[in-house]
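Here is a short briefing on one protein chain. The model comes first, and the notes follow by topic.

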Amino acid sequence: MIRDGHAARWQGGEYEASPDGDDVRLYRPDPAEGFDEVRAGRYRRVVPASEVDELVYVRTTCHWRDHPFIVLAEHDSWLRLEYTGGRAPVAAELGLEEFDFGVYQGWAPRDEVTDIREYRV
């Protein structure tokens with residue numbers, strides 16, 4: 001599973017999370033006691049930040065065609081990548097879209113992506 005965002009450890013489980021002041025919103029894909037359905041396949045529970053054992057930011061990095069990227073998402077056998085090399089000509093050569101000024105993104109076949117690593121900060 002590719003992750004990019006906050007994660008929290010709470011009562012022995014790890015959850016996708018979103019800090020919100022003195023609280024942390026925890027998310028899971030299936031129903032559980034104390035979690036409210038916010039949409040199909042997404043359940044949320046708000047807990048005090050003081051009850052969370054760990055709150056980290058998870059970032060997944062990789063290489064595609066020998067260039068560095070952040071992995072933003074996955075869909076089927078494709079990964080949504082953001083180029084971190086900082087060179088516009090390389091981004092153009094790779095066929096990436098300029099998502100924002102100096103921010104280049106694109107989809108790559110997962111089997112072409114190497115060196116996938118998850119970092120927790």
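D66 sits in the loop between β6 and β7. Its phi is positive, about 65°, although D66 is not a glycine. D66 counts as exposed, at 74% relative accessibility; exposed means over 50% relative accessible area, buried under 20%, and partly exposed in between (1.4 Å probe, protein chains only).

This is a predicted model, in which local features need pLDDT of at least 70, side-chain atom pairs count only at pLDDT 80 or more, and totals for chains, interfaces and linings use all residues. Residues are numbered from 1 along each chain as its sequence is written, and side-chain values use heavy atoms, with hydrogens and water left out.

**Backbone and loops**
- D115 also has a positive phi, about 55°, and is not a glycine.
- D115 lies in strand β11, residues 113-120. At 35% relative accessibility, D115 is partly exposed.
- P31 is in the loop between β3 (23-28) and β4 (36-39). P31 is exposed, with a relative accessible area of 57%.
- P31 and E112 are 81 residues apart along the chain, and their C-alpha atoms are separated by 35 Å.

**Overall fold**
- The chain has 1 helix and 11 strands. Helices (H or I, at least four residues) and strands (E, at least two) are DSSP runs, numbered from the N terminus.
- The order along the sequence is β-β-β-β-β-β-β-β-α-β-β-β.
- The radius of gyration is 17 Å, well over the 14 Å that the globule rule gives for 121 residues, so the chain is more spread out than a compact globule. The radius is taken over C-alpha atoms, and the rule is 2.2 Å times the number of residues to the power 0.38.
- Along the principal axes, the C-alpha atoms fill a box of roughly 50 × 25 × 25 Å.
- Of the 121 residues, 33% count as buried.
- Among contacts with a separation of 6 or more, 50% join residues 24 or more positions apart. Contact means heavy atoms within 4.5 Å.

**Surface and charge**
- The chain exposes about 7700 Å², and carbon and sulfur atoms supply 45% of it. Accessible areas come from the Shrake-Rupley method with a 1.4 Å probe; for residues, only the protein chains shown count as cover.
- The chain carries 15 positive and 25 negative charges, and their mean positions are 1 Å apart. Lys and Arg count as positive and Asp and Glu as negative; His and the chain ends are not counted. Each charge is placed at NZ of Lys, CZ of Arg, CG of Asp or CD of Glu.

**Nonpolar cores**
- In the largest nonpolar core, of 15 residues, W64, F69, L81, Y83, L96 and V113 touch the most other members. A nonpolar core is a set of buried Ala, Val, Leu, Ile, Met, Phe, Trp, Tyr and Cys residues joined through side-chain atoms within 4.5 Å.
- At least two residues of this core come from each of β6 (54-64), β7 (67-75), β8 (78-83), α1 (88-93) and β10 (103-109). β8 gives the most, with 3 residues.
- Beyond residues up to four places away in sequence, Y83 touches H67, P68, F69, V90, A91, L96 and Y104.
- A second, separate core has 10 residues, including Y15, V24, F35 and Y43.

**Around A17**
- A17 is in strand β2, residues 13-20. A17 is buried, with a relative accessible area of 8%.
- Neighbours within four places aside, A17 contacts H6, A7, A8, V24, R25, L26, Y27 and L55.
- A17 and P68 are 51 residues apart in sequence and 26 Å apart in space, C-alpha to C-alpha.
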